[in-house]
Amino acid sequence: MYQDLTEEIVRRGLKVYGIEIFEGGKVAFKRQFAPDVRYPIYSAVKSFTSTAAGLAVQEGKLSVEDCLGTLLPGRYLEGLPEEVKTAVDRLPLRRLLTMSVPEFPFRPEGEDWLWWALRCGAGYDSPEVFSYSNVPAYLVGVAVAEAVGEHLIDYLTPRLFEPLGIDKPEISNDPQGRFYGATGMKLTVHELSLLGQLYLQDGVFNGHRLLTEEWVRMATSCQITGKDGGYGYFFWVDADSFSISGKWGQKCLVYPDKGRMVTWMGDLPERSGEMLRLVREWMEK
């Protein structure tokens, strides 16, 4: 059965680095088409940033209803136009986690990304509408790091990476050394799969609870809908599945009701949708 899927990947000439299938509580199948090394996971990083927020919430360090202006260093709010400062002071972290703040440019810019993000003309006081950008994940990462008092990767290491068996990954920071939060991490196929497994298992890994069931439910439930589908807290959500996703074919596709998960990584700039359709068709057989 698994061989049918991999043979079709080869037949179509899809540039997939590797694929891993998890079911029945274990890795049921794995195949590498390229060296089993770490590759960029692009926007799949956002789901790790979401997880950091979930850990901070369960430790009482913050709430998703805490407002951005109360979580960021006060010096960054100095000199903001009064209407912008008021809007930032009222903006709950939840709006960033759900990408529901419009008018952000796609990525942060300049010599100080945080200073720039607060002054980039985003619709902080606008009604909720799905608007995808890297800036919300960056701001969530900064806000969580401020709440927990350490670099986000240092915070995640004993709480997430070590329990999952992931060595500290290569990451990207902003010019001031803060975790980017939106992209810039490298992992193997199996390492990416481990985060999906944690969420598939309602926050439990190797018999230890790392995340609360409530966080898993909220993060992987549809909080807002855009033209490309539903979205939770930096997870894409469909009727029967949710996914950790990065551009060009980095995907961990989780079917909770089936207890199954398929993870793959590759270099598919024009064909990532084809790979997703192939896996979905295979899952329905």
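Student: What distance separates the sulfur of Cys222 from the closest cysteine sulfur, and which residue holds that closest sulfur?

Tutor: A disulfide is read as a pair of cysteine sulfur atoms within 2.5 Å. Here the closest cysteine sulfur to that of Cys222 belongs to Cys252 and is 19 Å away, which is too far for a bond. Bear in mind that this is a predicted model, in which local features need pLDDT of at least 70 and side-chain atom pairs count only at pLDDT 80 or more, while totals for chains, interfaces and linings use all residues. Residues are numbered from 1 along each chain as its sequence is written, and side-chain values use heavy atoms, with hydrogens and water left out.

Student: How many disulfides does a search of the whole structure find?

Tutor: The search finds 0 disulfides. Cys120, for instance, takes part in none, its nearest cysteine sulfur being that of Cys67, 18 Å away.

Student: Is Cys222 buried, exposed or partly exposed?

Tutor: Relative accessible area decides this: buried is under 20%, exposed is over 50%, and partly exposed is in between (1.4 Å probe, protein chains only). Cys222 has a value of 43% and is therefore partly exposed.

Student: Turning to charged side chains, how many salt bridges does the whole structure hold?

Tutor: A salt bridge is counted when a side-chain nitrogen of Lys or Arg lies within 4 Å of a carboxyl oxygen of Asp or Glu. By that test the search finds 21 salt bridges in the whole structure. One of them joins the side chains of Glu191 and Arg38, with an N to O distance of 2.9 Å. This pair links distant parts of the chain, 153 residues apart, since Glu191 sits in helix α9 (residues 189–200) and Arg38 in the loop between β2 (26–32) and β3 (39–40). Helices (H or I, at least four residues) and strands (E, at least two) are DSSP runs, numbered from the N terminus.

Student: Which of those two partners, Glu191 or Arg38, is buried, and which is partly exposed?

Tutor: Glu191 is the buried one, with a relative accessible area of 11%, whereas Arg38, at 27%, counts as partly exposed.

Student: What are the places in the chain of Glu170 and Lys186?

Tutor: Glu170 and Lys186 form a salt bridge whose closest N and O atoms are 3.8 Å apart. Glu170 is in the loop between α8 (152–164) and β4 (186–187) and Lys186 is in strand β4, so this bridge ties together parts that are 16 residues apart in sequence. Glu170 is partly exposed at 47% relative accessibility, and Lys186 is partly exposed at 30%.

Student: What is the distance between the closest N and O atoms of Asp228 and Lys227?

Tutor: The distance in this salt bridge is 3.4 Å. Asp228 counts as exposed at 55% relative accessibility, and Lys227 is exposed with a relative accessible area of 79%.

Student: Which residues are linked in a network of salt bridges?

Tutor: The network consists of Glu8, Arg11, Arg12, Arg271 and Glu274.

Student: Leaving the charges for the backbone, what is the phi of Glu103 and of Asn206?

Tutor: In Glu103 phi is near 75°, a positive value in a residue other than glycine, and Asn206, also not a glycine, has a positive phi of about 50°. Glu103 lies in the loop between α5 (93–97) and α6 (113–117) and is exposed at 51% relative accessibility. Asn206 is placed in the loop between β5 (204–205) and β6 (208–209), and its relative accessibility of 62% counts as exposed.
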